[in-house]
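Dear colleague,

Here is the structure I promised to hand over. Please open it beside this message, and read on for what was found in it.

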Number of protein chains: 2
Amino acid sequence: MTKRQIVTLPEIQAVLPSLDLISAIEAGFAAYSAGQAVVPPVGELLLDKGEVHIKYGYLRDGAHYVVKIASGFYDNARLDLPTTNGLMLLFSQQTGQLVTILLDEGFLTDTRTAVAGSIAAKYLAPQNVHRIGIVGTGIQARLQLQYLQEITTCRDVLVWGRGQAQLSQFQRDMEPMEFAITPAQDAAAVLQTCNLIVTTTPAASPLLHVANLQPGTHITAVGSDTPHKQELDSAILGRADLVVADSIVQSLERGEIHHAIKDRQIQADNLLELGHIIAGRSVGRSSEEQISVVDLTGVAVQDIQIANAVTEALA
Amino acid sequence: MTKRQIVTLPEIQAVLPSLDLISAIEAGFAAYSAGQAVVPPVGELLLDKGEVHIKYGYLRDGAHYVVKIASGFYDNARLDLPTTNGLMLLFSQQTGQLVTILLDEGFLTDTRTAVAGSIAAKYLAPQNVHRIGIVGTGIQARLQLQYLQEITTCRDVLVWGRGQAQLSQFQRDMEPMEFAITPAQDAAAVLQTCNLIVTTTPAASPLLHVANLQPGTHITAVGSDTPHKQELDSAILGRADLVVADSIVQSLERGEIHHAIKDRQIQADNLLELGHIIAGRSVGRSSEEQISVVDLTGVAVQDIQIANAVTEALA
């Protein structure tokens, strides 16, 4: 290992636009659902000021294994520091030798999460998206919208968030990407008027309620990745025709699905897995009127695939 | 994070001799046993060619949390590569920011393990050590002997290993450190003639048998850190007056103690923990005639303490 094998965030950001991340991460999800990925349970470290997740694993036919360390320290905003952070490490499957350290500061985690959102929408959203709804105004809200450009031509966006200043900033930042951004008066308006919705907040109680749910809606729930976080009323999952997890086994313990099962709104037996839909082994949306929910809790295959893609591009 | 915060093995090796690692790691064990350390279960990744362990945690009154990634790829010897490898990462407990990457290539793991061996001997070995017995001839056998210099004046060493060439090499390498090294004809001779014994092999079935066990013997078992590895006949632990773990909870699932409990030679209730003995909260050896076994499976507090010591010295 030499210091040259260490890649900093600006180097990573320079190479990302040239990569076909949607294909790479689709292949990762398909391999995961087909049992071709080794992904042990997530390591978790809780501290007074934050939380750390360690995700690690490998694809059986790959060259590397990947360890990703990601943190959330929510008081950092007061210190003018980013609240999320992290890095990824690639090692050789043949020798265990360290190949690359990607000092991405959490950006690759944000990116692979956004790419997963666009994959969820690509396979599950209705064909005719008339309005995109975004819940949240942070980095993940922005990246989700950015990557949705690749799978839908809709540019009409309703965004809801708690702070007026953040909503205005979101609008100013995203309009140059040719989106028409409208701030929502309340979260209900998102369900009432949008048919491709992405939720990106760390909410601990539901923001979207079943009373406002319309036929033909697709929701990708990105924010909840722990047992306590929840953005969707469990009854929304109960009403949905399709409830899809990135990882069924993980969704039984974390995220929206875990809440909806506990609330007896859905049964584990009826869950679908995103990688099976990508591979054509499970049937996804079959009509424009269906309601679909994809619950993304984050799987190490996403980290493996994005880390490999960046490393190969820089080789 | 800048590339300057990344420390390579030569830089680490240059600073190690100036550090009081025994005190640092003693304090770590004491804090661990007192419940002052947060050390989640070890993450494990198994591959065709090797295994990877991820150990992580922090001391509640410390500044950093540490993630250590260590691997063993046993075919590497054929490729003329080291079989063990690894690195340690320090992050701020306040902000989650990466503070230091120690590219120690597994050397700090080897070192903190050897330091733990010397701490085990310091607290449990008889006062009058007449001969040191070493089982194994690899890097860990060498480092154990090196760190034993700090806690005993005995320089008479019997070493046993499977290969004659390795035994001779061990002898040539260690004699300049003023040890008188005698290669043993068989493993039995180690138990028959030594009263401070350290076992350092990855054996999967016992090398030392109770028939040869003498009163007044102390054994530190270092090699077994997984559920299947075993260097000591379980009956040795059954016969011992003191059976001590670095981590009781971990030793119920890994290492010699785990085998001896399964074989009904000892009971979990009678186990002692090294950190309690260090802190004076459990009584250790109380006579020269007692038999003691310390089973070291490796705890993240050792990694936390050595990583902190190196980082502080380089600051």
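Which residues in α3(B) meet α11(B), and which residues in α11(B) do they meet? B:L108, B:T111, B:R112 and B:A116 in α3(B) meet B:Q302, B:D303, B:I306 and B:A307 in α11(B), where contact means that C-beta atoms, placed from the backbone, lie within 7 Å. By class, this contact has 4 nonpolar, 2 polar and 2 charged residues (Ala, Val, Leu, Ile, Met, Phe, Trp, Tyr, Cys and Pro count as nonpolar, Asp, Glu, Lys and Arg as charged, and the others, Gly among them, as polar).

This is a predicted model, in which local features need pLDDT of at least 70 and side-chain atom pairs count only at pLDDT 80 or more, while totals for chains, interfaces and linings use all residues. Residues are numbered from 1 along each chain as its sequence is written, and chains are lettered from A and ligands numbered from 1 in the order in which they are written.

In chain B, the axes (lines fitted to C-alpha atoms over the stretch in contact, with angles from 0 to 180 degrees between N-to-C directions) of helix α3, residues 107-124, and helix α11, residues 300-314, come within 10 Å and cross at roughly 110°; helices are DSSP runs of H or I, at least four residues, numbered from the N terminus. α3(B) is therefore roughly perpendicular to α11(B), a word used for 65 to 115 degrees.

In chain A, the domain assignment, which is automatic or from a database, gives domain 1 (3-108 + 301-314) and domain 2 (110-298). The contact between them takes 16 residues from domain 1 of chain A and 17 residues from domain 2 of chain A.

Best wishes

Definitions and conventions. Helices (H or I, at least four residues) and strands (E, at least two) are DSSP runs, numbered from the N terminus. Angles under 35 degrees count as roughly parallel, over 145 as roughly antiparallel, 65 to 115 as roughly perpendicular and the rest as oblique. Two residues are in contact if their C-beta atoms, placed from the backbone, lie within 7 Å.
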